[in-house]
Amino acid sequence: MGLNCGIVGLPNVGKSTLFSALSSAPAEAANYPFCTIDPNVGIVNVPDPRLKRISELIPTDKVIPAIVEFVDIAGLVEGASKGEGLGNRFLSHIREVGVIIHIVRCFDDPDVVHVSGSIDPQRDIEIIHTELALADLETVQKRQEKNQKVIKAVKTDAGKIAAAQAPLLEQLYGVLQEGKPARSLEFSPEQQKLLQDLHLITMKPQLYVCNVDEEGILEDNEYVKAVRALAAEEGSEVLSICGKLEAEISALESEEERLEFLESAGLQESGMNRLIHTGYQMLGLRTFFTAGPKEDRAWTFHAGDTAPKAAGVIHTDFERGFIKAEVYHCDDLFELGSEQKVKEAGRLRIEGKEYTVQDGDVMHFKFNV
């Protein structure tokens, strides 16, 4: 799975506006379809109050946050799976991401043209779902045709794989033909591994982001309620964000100004922060910290990684020559106030190669190469 989030949706739903607010780097945003053709890529800092607190307790020269990548993919239209509106290029970009962030327009504004002429979130979502399902259906059909030849060689590894894939491909064909996503089927980890090389778009986890007006950010409007109902059926998450408001927040220069703006809007946290955190979690990414006089830093690892794998995030030599890790949780530091007191309280542990790293661990690695 890709380690980035792809932002998709119909043209003019607010994708590029939200992307610009996310990355604080302007993406093309215009009142006509296809103003974004090549995907814009934004490397975004992951907001983490824990890192700020660590730097207050362990003073340092540099503070470096974790990062995550967001990709703004051009607007899909009906017929994209058949190449309409440069559809083939758009679909190839979606295949490369790990999580789909589906932006849905949930506000009225006669000055912003809707590609279908009216606001209807369920219809818009179905258009995208259908196009993505049709693209995956074509992939499945091609694999079935290929496997018909390979499956005859029953004693070969390729033949055995083709035979194992056959019933799974039938199931996929059935749901995709109905316009439903592949993720609506439940496959075991072994079955998922068999299907991994298909790179199905609709197998990817999806987050719906309702782009609302300023009134809709405090209370769900009818459009958002419709999206939530649809998302509940397929087990997807939903966030409401006001793109216009987020653009204004991102234009402010200082953190103090942003906090004041949020407070005046009746919000505790920006929609962008919630979106970044949610995307990061959905990608299966977590954070550990290193801390010292030169640098306090947040590092990204995959949930379930062992200590040597996490060490390899810093440098491959750390993984190759891993001996042990000194570990405590940041909550212990916050409670006790210093690393010395963490040690005195017996909260600092020595962990070996089998240790599964936890989100929020503060780690110091010992290695030898």
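Student: How are α4 and α7 oriented to each other?

Tutor: This is a predicted model, in which local features need pLDDT of at least 70 and side-chain atom pairs count only at pLDDT 80 or more, while totals for chains, interfaces and linings use all residues. Residues are numbered from 1 along each chain as its sequence is written, and side-chain values use heavy atoms, with hydrogens and water left out. The axes of α4 and α7 (lines fitted to C-alpha atoms over the stretch in contact, with angles from 0 to 180 degrees between N-to-C directions) lie 9 Å apart at an angle of about 40°. Under 35 degrees counts as roughly parallel, over 145 as roughly antiparallel, 65 to 115 as roughly perpendicular and the rest as oblique, so α4 and α7 are oblique.

Student: Which residues of α7 meet α4?

Tutor: Contact means heavy atoms within 4.5 Å. On the α4 side the residues are Pro-121, Gln-122, Ile-125 and His-129. Their partners in α7 are Tyr-223, Ala-226, Val-227, Leu-230 and Glu-234.

Student: How are α4 and α5 oriented to each other?

Tutor: Helices are DSSP runs of H or I with at least four residues, strands are runs of E with at least two, and both are numbered from the N terminus. Helix α4 covers residues 121-150 and helix α5 residues 157-177, and they pack with axes 9 Å apart at about 150°. The pair is therefore roughly antiparallel.

Student: How do the residues of the contact of α4 with α5 divide by class?

Tutor: Among the residues that meet are Leu-137 and Val-140 in α4 and Leu-169 and Tyr-173 in α5. Ala, Val, Leu, Ile, Met, Phe, Trp, Tyr, Cys and Pro count as nonpolar, Asp, Glu, Lys and Arg as charged, and the others, Gly among them, as polar. The division is 10 nonpolar, 6 polar and 3 charged.

Student: Which residue's side chain makes a polar contact with the side chain of Arg-183?

Tutor: Arg-183 sits in the loop between α5 and α6 (189-195). Beyond four places in sequence, Arg-183 touches several residues, including His-129, Lys-204 and Glu-234. A polar contact is a pair of N or O atoms within 3.5 Å; within protein, one must be able to donate a hydrogen and the other to accept it, and residues adjacent in sequence count only if both atoms are side-chain atoms. At 3.3 Å, the side-chain partner is Glu-234.

Student: Which residue's backbone oxygen lies 3.0 Å from a polar atom of the side chain of Asn-221?

Tutor: Asn-221 is in the loop between β6 (206-211) and α7 (222-234). Leaving out residues up to four places away, Asn-221 touches Val-212, Gly-216 and Cys-106. The backbone oxygen is that of Cys-106.

Student: How many residues apart in sequence are the parts tied together by Asp-359 and Arg-50?

Tutor: A salt bridge is a side-chain nitrogen of Lys or Arg within 4 Å of a carboxyl oxygen of Asp or Glu, and the count comes to 17. Asp-359 and Arg-50 form one, at 3.0 Å from N to O. Asp-359 lies in the loop between β11 (349-351) and β12 (361-367) and Arg-50 in helix α2 (residues 49-57), so the parts tied together are 309 residues apart.
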